[in-house]
Amino acid sequence: MIYRELTRKTPYEPKPRSGRPRVTDILNDRRIQRMASSQKMSVLEITSASRLQISKNTVHRRIIESVYMIQVKIARRLPLSKLHIIKRLKWARNHIYHMVINGWLSLSAMIKKWNLDGSDGNIKYWHDLRKEPRSFFCRQSGGGSVMVWAAFGFNGQVGLAF
C-alpha cells in the first residue's frame with residue numbers, strides 16, 4: 001500500500017471530511033465578531049441580537065476564531081496619564097534613600113480588604129486587540145470598605161508611619 005502511494009502519478013489529496021456544515025457563513029461570522037468588538041454585549045445578547053438560529057456556543061466559537069479578540073477582565077480604575085507616571089517615578093526616586101535606611105526594601109506586607117457594600121465583581125468583556133482597553137470607575141464618593149495592613153521587615157515588625 002505504501003509503494004502504491006509513492007508510485008502514484010497524481011499527487012495525494014485527502015478525502016473530503018464528512019460532518020455537519022457550518023451554520024453561519026463568512027458574513028455572519030464577521031458580524032458576530034464586530035458586535036463583540038464594538039458593543040458591550042455578552043455572548044447571550046449577541047446570540048439574540050444576531051437573529052440567527054444558532055446556539056451561544058456557536059457564537060462563542062465564532063468570536064474565538066478571530067485572532068484579534070480575547071476575553072479579559074475589565075480594569076476598575078482609570079488609566080494613568082503620562083504626567084502621573086512621571087510624578088510617581090520622581091517621588092520614588094526622591095524617597096528611595098529613606099526606604100533603604102528605614103528597612104522598607106526588605107519588607108513583606110499583608111493586606112486584607114473587606115467591602116461593606118458587596119463584591120468588587122469580576123467583569124469580563126471581549127477585547128479587540130486593535131483598540132484601547134476599556135476601564136470604568138463606578139463609585140463617585142467612595143465605597144464602604146475596611147482595609148487592614150500589617151508589615152514585617154527583615155529585623156522584625158516594622159512600625160507604620162502615617
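Biologist: What is the N to O distance where the side chains of Asp-29 and Arg-22 meet in a salt bridge?

Modeller: A salt bridge is a side-chain nitrogen of Lys or Arg within 4 Å of a carboxyl oxygen of Asp or Glu. Here Asp-29 and Arg-22 come to 2.8 Å, N to O. Before we go on, please note that this is a predicted model: local features need pLDDT of at least 70, side-chain atom pairs count only at pLDDT 80 or more, and totals for chains, interfaces and linings use all residues. Residues are numbered from 1 along each chain as its sequence is written, and side-chain values use heavy atoms, with hydrogens and water left out.

Biologist: Which other residue meets Asp-29 in a salt bridge?

Modeller: That is Arg-62, at 3.2 Å, N to O. This pair links distant parts of the chain, with Arg-62 in helix α4 and Asp-29 in helix α2, 33 residues apart. Helices (H or I, at least four residues) and strands (E, at least two) are DSSP runs, numbered from the N terminus.

Biologist: Is Asp-29 buried or exposed?

Modeller: The general idea is a percentage: buried means under 20% relative accessible area, exposed over 50%, and partly exposed in between, using a 1.4 Å probe and protein chains only. Asp-29 has 9% relative accessibility, so it counts as buried. Arg-62 is buried too, at 5%, whereas Arg-22 is partly exposed at 47%.

Biologist: How many salt bridges does the structure hold?

Modeller: It holds 5. One of them joins the side chains of Asp-128 and Arg-130 at 3.1 Å, N to O. Asp-128 is buried at 4% relative accessible area, while Arg-130 is exposed at 56%. Elsewhere, salt bridges that share partners join Arg-22, Asp-29, Arg-62 and Glu-65 into one network.

Biologist: Which side chains make polar contacts with the side chain of Ser-37?

Modeller: A polar contact is a pair of N or O atoms within 3.5 Å; within protein, one must be able to donate a hydrogen and the other to accept it, and residues adjacent in sequence count only if both atoms are side-chain atoms. The side chain of Ser-37 makes one with the side chain of Asp-128 at 2.8 Å and another with that of Lys-131 at 3.2 Å. Ser-37 sits in helix α2, residues 26–38, and is buried at 10% relative accessible area.

Biologist: Why is strand β3 described as largely enclosed by the rest of the structure?

Modeller: Because 4 of its 5 residues, within 124–128, are buried. As for pairing, two strands pair if DSSP finds at least two bridges between them. Strand β1 (residues 69–73) and β3 run antiparallel and are joined by 5 bridges. Lys-73, for instance, has Lys-124 as its bridge partner in β3.

Biologist: Where is Tyr-68 found?

Modeller: Tyr-68 lies in the loop between α4 (56–65) and β1. At 38% relative accessibility, Tyr-68 counts as partly exposed.
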